[in-house]
Amino acid sequence: MARRSGKLLPSLGILLVTGGILLLLWFAWLWFNPGPAPYRYQLVEEGDVDKFSQLGLTAWPDLKLAKYEVYAEGVDQPLAVTHIARQGTGSPVLLDWENRTSELLLTTDSKLSELTALAVAINKYAAKDALVLAWWDTSRQIKLLAGRDTLFTQRVGEPLIVPPHWQDQMDAIRHYENEFWGASASSEEQRKFQRFADALLAEPQAGAAILRELAGMDGAGKDAREAYIAIHVTDLYKLGLMRPAQFDMAYKNFPMEGNMHGMIGYLKSWMQENGFKTHTLQSLSDKMVRGYFLRDDKSSNSLIA
């Protein structure tokens, strides 16, 4: 009987080891194949700049453009509309984003007209070898349209803006986004991006010192080339998502109904009722503006504010 047990135990050990390997392989498969995202990018049309003449990109004739709509299963209308651009064999770069839902989705609303105006200004005023520091997505846009060196050249992907009912599918969403956009940032770029966020959250003098550090300047701010920082109002919201414990902010949409003074009065009243100290506005359309609000003194005294 003992001899029979002795013969069985090695087999049992082999089964346990094999089962453990299979379990590890299963977890590895799940890690790299987290399932489908709850939405998809659907190509509407693509072509050169002439085909998309309404976008005002004639100054960049070498771009290849595409329009995509974002759809969720079971929803007939698109959740968002976006245009992307490529240069040569490079990865796609998001140019604008029009959210058509009541919640922010994947990224913040942005207008192509603002981006082209920024690129024109950089081309006019910044030296050809100037360095531009900006949020990673803005950096990629500036690199594409203004051809300047930027601190970030790849897709950091932070923060990923997901509605509450999609939170349990975050891994699948991140996997889908990485596959669609490509150009994932290196660990070094990710580290620098967190340092960039540190600068924006710091008090102005300390934050400026961190920016000089990232730009490779010495303590006196001297360097062989110029360096600029480009900030979009939506960076306030992105920073609040990334560092909620350090940056107390919120947003709210306000309809534009022809009475600007009435809207401003309502906005100020809403601020007082909710204890916010300061705000700024983003124009979404002729009928809608979005307010971004800061509540405490620490947030209001940050470099980004």
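Contact here means heavy atoms within 4.5 Å. In this predicted model, that criterion places the buried residues of helix 4 against strand 1, strand 2, strand 3 and strand 4.

**Overall figures**

The protein chain holds 9 helices and 10 strands. Of its 305 residues, 41% are buried. The chain exposes about 17,100 Å², and carbon and sulfur atoms supply 55% of that area. Among contacts with a separation of 6 or more, 56% are between residues 24 or more positions apart.

**Helix 4**

Helix 4 covers residues 170-181 and reaches 16 Å from its first C-alpha to its last, close to the 16 Å expected at 1.5 Å a residue. Its buried residues are M170, A172, I173, Y176, E177, F180 and W181. Seen down the helix axis, they fall within an arc of 160°, so they line one face of helix 4. An α-helix has 3.6 residues a turn, so residues three or four places apart point the same way. The face turned away from the buried side carries the exposed residues D171 and E179. Just after helix 4, G182 takes a positive phi of about 65°.

| Strand | Residues |
|---|---|
| Strand 1 | 39-48 |
| Strand 2 | 64-72 |
| Strand 3 | 80-86 |
| Strand 4 | 93-99 |

**The sheet of strands 5, 6 and 7**

An open sheet of 3 strands has the order 6-5-7, with parallel pairing. Strand 6 (149-150) and strand 7 (227-230) stand at the edges with a single partner strand each, so one side of each lacks a neighbour in the sheet. Strand 5 (residues 131-134) is joined to strand 6 by 2 bridges, and L131 stands opposite D149 in strand 6. Helix 6 (residues 204-215) packs on this sheet, touching strand 5 and strand 7, and its direction makes about 130° with that of strand 5.

Methods. Residues numbered from 1 in each chain as written. Predicted model: local features only at pLDDT ≥ 70, side-chain atom pairs only at ≥ 80, totals over all residues. Heavy atoms only, no water. Pairing = 2+ DSSP bridges. Helix = DSSP H or I, 4+ residues; strand = E, 2+ residues; numbered from the N terminus. Axes fitted to C-alpha atoms, helices over the stretch in contact; angles between N-to-C directions. Buried < 20%, exposed > 50% of the residue type's maximum accessible area, 1.4 Å probe, protein only. Areas by Shrake-Rupley, 256 points an atom, 1.4 Å probe, with all protein chains shown as cover. Expected span 1.5 Å × (residues − 1). Arc of directions from axis to C-beta.
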